[in-house]
Amino acid sequence: MIKIKYKDEVIEREKNISLEEVASNFKDRYKFDIIAATIDNKISSLDEKLVRDCSVDFYDITSMIGSGVYERGIYFLFSKAVSDVLSCDVKIKYLVGKSTLCEVLINNLISEVTVEKIKIRMKELVEKKLPITKLLVSRIEAMEYFHNINRLDKADSLKYISNSSVSLYKLDDMLDYYYGVLPNNTKLLNTFNLKYLNENKIMIMFPTQFNLSNNLKYEKKENELQNILIGDNYLKNIGINTVANLNKMISVGNYGDVIRLSEALQNNRLFEIVDRITKNKDLKVILINGPSSSGKKIVSKKLSLFLRSRNINPINISINDFYINIEDRVLDENGNPEEEEIEAIDTSQFNRKISDLLNGKQVKLPKFNFETKRQELREDAIIMDKNSVLVIEGTHAFNEQLTEMIPNKNKYKLFICPLTPLALDNHNLFKTSDIRLLREIIINNRLFKISASETLKEWEKLRMVEEKLIFPYIEDADEIFNTSLAYELGVLKTYAEPLLFSVSEEDPNYNEAIRLINLFRIILGMPSELVPNDSLIREFIGGNCFCQNK
């Protein structure tokens, strides 16, 4: 017999009992199916056997761990169904809103009827309750296997892993490699939907911790989708479609041109936005919004610089300076002064002062003191001239309550976010939220000596706020500026990986650190000497020419 601790309870069971059997004792405490577990703080599939005294915990899709396991499982299920129906591969491309954009890699054009067949096949695989098992094989054998079945994306990516062996997952007759734990059975993957777009592109919808609804209808995100496709074409044009392509350039030291080309293309895109702003004489208020660690600070600085090159005088304003004094704020659901919602901002004052500026009046703006948590009045007054525009940045920039007194013809909404990072291979995404998390870990440690563990601890809460207050407004943008750069994963690895290794095995954030480390396994580190000092990546790694905290 062994002792198994769950939360504050200890139960005794026979040695070699599976995690799935143990989980059955506690399933009533979870809203959704238990899909993964941890043994002594290390994530495991439910078919793992317990052979000693240990502590366990379980996860459904309401958690970050469970949501990630479900997502990878859906991608495997979808890839298997496409293979069964069409005898071809699929590329899991990008997250678009609450959906995942995929492309069926076949020469013939498919139809909605074909997509329905794929969906039916997925449901059949779920109803069959097929096991998803993990097999340990040598890395060389895995590379040879994927090469023989023409999965060159997998074979090329595994070339850069230093491990002598790797774990493959098996579903029926299909083997695949994933950077994280998968569900142990298809029966756990019973909620999903598909939507055919065009040109062999399919959207997959499934529940996540940020979208637990079973009503999985495709929400059209045309603005976001078009910008993602623009970024996709830009990656194709410079010949870097996957991390393996980037690794080849890094391995021979031929990455300088990739850096220069990526930066030039991004600057050109920003100049295009500046041209659109300057051609419309009515535009006087540029509203900038986007999630954390998107590069808003340097993009705002560069935007202002580029505007000046067009004889436009930018006046930068932070919405954060309009926070209400802490003692005067409404209370949140926990009885604490509101920090995140629009009610924490003095919208009346904001509307009044921006309107006064637009009407040619001289105005003194507030500055919020984050130590005393009170507003202070700036000494110098500002006034707009005929060539002036206001560049306003902050979480609630697109919320109409903030700018209800400002005519729509005067407003230009710019959403800033990394949208198209490189894929690891055809079935493994490097998600944009992970790009931002790595940037956040680096800058928090560099500027504030905050550990990777502390950043990981706060990240889920931050993501919840973004999903509620920022991403719903992305389709309201006049323009979306993609801040991902083709080369940045190599640079981020150099700075972030050592910080991730500081998270100990006993740390509650250990599994998230290991997940990110595993994503870095096939990415070669890149030195940052050739990254220009005006690059938005410099906002995070340091050495930028715009900000005081360089």
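**Close-up views of a predicted model**

Helix 8 passes helix 9 in a right-handed crossing. The model shown in these views is predicted.

**View 1. Helix 8 against helix 9.** Helix 8 covers residues 256-279 and helix 9 covers residues 296-308. Their axes come within 10 Å and cross at roughly 55 degrees. Angles from 65 to 115 degrees count as roughly perpendicular and those under 35 as roughly parallel. Helix 8 and helix 9 are therefore oblique to each other. From helix 8, the contact takes in Asn-267, Leu-270, Phe-271, Val-274, Ile-277 and Thr-278. Helix 9 meets them with Val-299, Lys-302, Leu-303, Phe-306 and Leu-307. By class, this contact of helix 8 with helix 9 has eight nonpolar residues, two polar and one charged.

View 2. Thr-38 has Asp-57, in strand 7, as its bridge partner.

**View 3. The loop between strand 4 and strand 5.** Asn-41 is found in this loop.

View 4. A sheet of three strands is open and has the order 10-11-12. Its pairing is antiparallel. Strand 10 (132-138) and strand 12 are the edge strands, and each pairs on one side only. Neighbouring strands here are turned by 35 degrees against each other on average, direction ignored. Strand 11 (residues 165-171) and strand 12 run antiparallel, joined by three bridges. Tyr-169 stands opposite Asp-176 in strand 12. Helix 2 packs on this sheet as well, touching strand 10, strand 11 and strand 12. The direction of helix 2 makes about 60 degrees with that of strand 11. Helix 4 (residues 139-148) also lies across strand 10, strand 11 and strand 12. Helix 4 runs at about 110 degrees to strand 10.

**View 5. A salt bridge at Asp-176.** Which residue forms a salt bridge with Asp-176? The partner of Asp-176 is Lys-154, with the closest N and O atoms 2.9 Å apart. The pair links distant parts of the chain, 22 residues apart. Asp-176 belongs to strand 12 (residues 174-176), and Lys-154 to helix 5 (residues 152-158). A search of the whole structure finds 37 salt bridges.

**View 6. Helix 2 against helix 3.** The axes of helix 2 and helix 3 (residues 112-127) come within 9 Å and cross at roughly 120 degrees. That makes helix 2 oblique to helix 3. The crossing of helix 2 past helix 3 is right-handed. On the helix 2 side, the contact includes Ile-74, Leu-77, Phe-78, Lys-80, Ala-81, Val-82, Asp-84, Val-85 and Leu-86. On the helix 3 side stand Thr-114, Lys-117, Ile-118, Arg-121, Met-122, Leu-125 and Val-126. The residues of this contact of helix 2 with helix 3 divide into 11 nonpolar, one polar and four charged.

View 7. Ser-87 lies in the loop between helix 2 and strand 8 (89-96). Ser-87 is not a glycine, yet its phi is positive, about 55 degrees.

**View 8. Helix 11 against helix 14.** Helix 11 (residues 432-448) and helix 14 (residues 510-520) pack at an angle of about 110 degrees. Their axes are 12 Å apart. That makes helix 11 roughly perpendicular to helix 14. Asp-434, Leu-437, Leu-438 and Ile-441 of helix 11 meet Glu-512, Arg-515, Leu-516, Leu-519 and Phe-520 of helix 14. The residues of the contact of helix 11 with helix 14 comprise six nonpolar, no polar and three charged.

Methods
Residues are numbered from 1 along each chain as its sequence is written. This is a predicted model: local features need pLDDT of at least 70, side-chain atom pairs count only at pLDDT 80 or more; totals for chains, interfaces and linings use all residues. Side-chain values use heavy atoms; hydrogens and water are left out. Axes are lines fitted to C-alpha atoms, for helices over the stretch in contact, and angles run from 0 to 180 degrees between N-to-C directions. Helices (H or I, at least four residues) and strands (E, at least two) are DSSP runs, numbered from the N terminus. Angles under 35 degrees count as roughly parallel, over 145 as roughly antiparallel, 65 to 115 as roughly perpendicular and the rest as oblique. A crossing is left-handed if the near helix is turned anticlockwise from the far one by less than a right angle, and right-handed if clockwise. Contact means heavy atoms within 4.5 Å. Ala, Val, Leu, Ile, Met, Phe, Trp, Tyr, Cys and Pro count as nonpolar, Asp, Glu, Lys and Arg as charged, and the others, Gly among them, as polar. Two strands pair if DSSP finds at least two bridges between them. A salt bridge is a side-chain nitrogen of Lys or Arg within 4 Å of a carboxyl oxygen of Asp or Glu.
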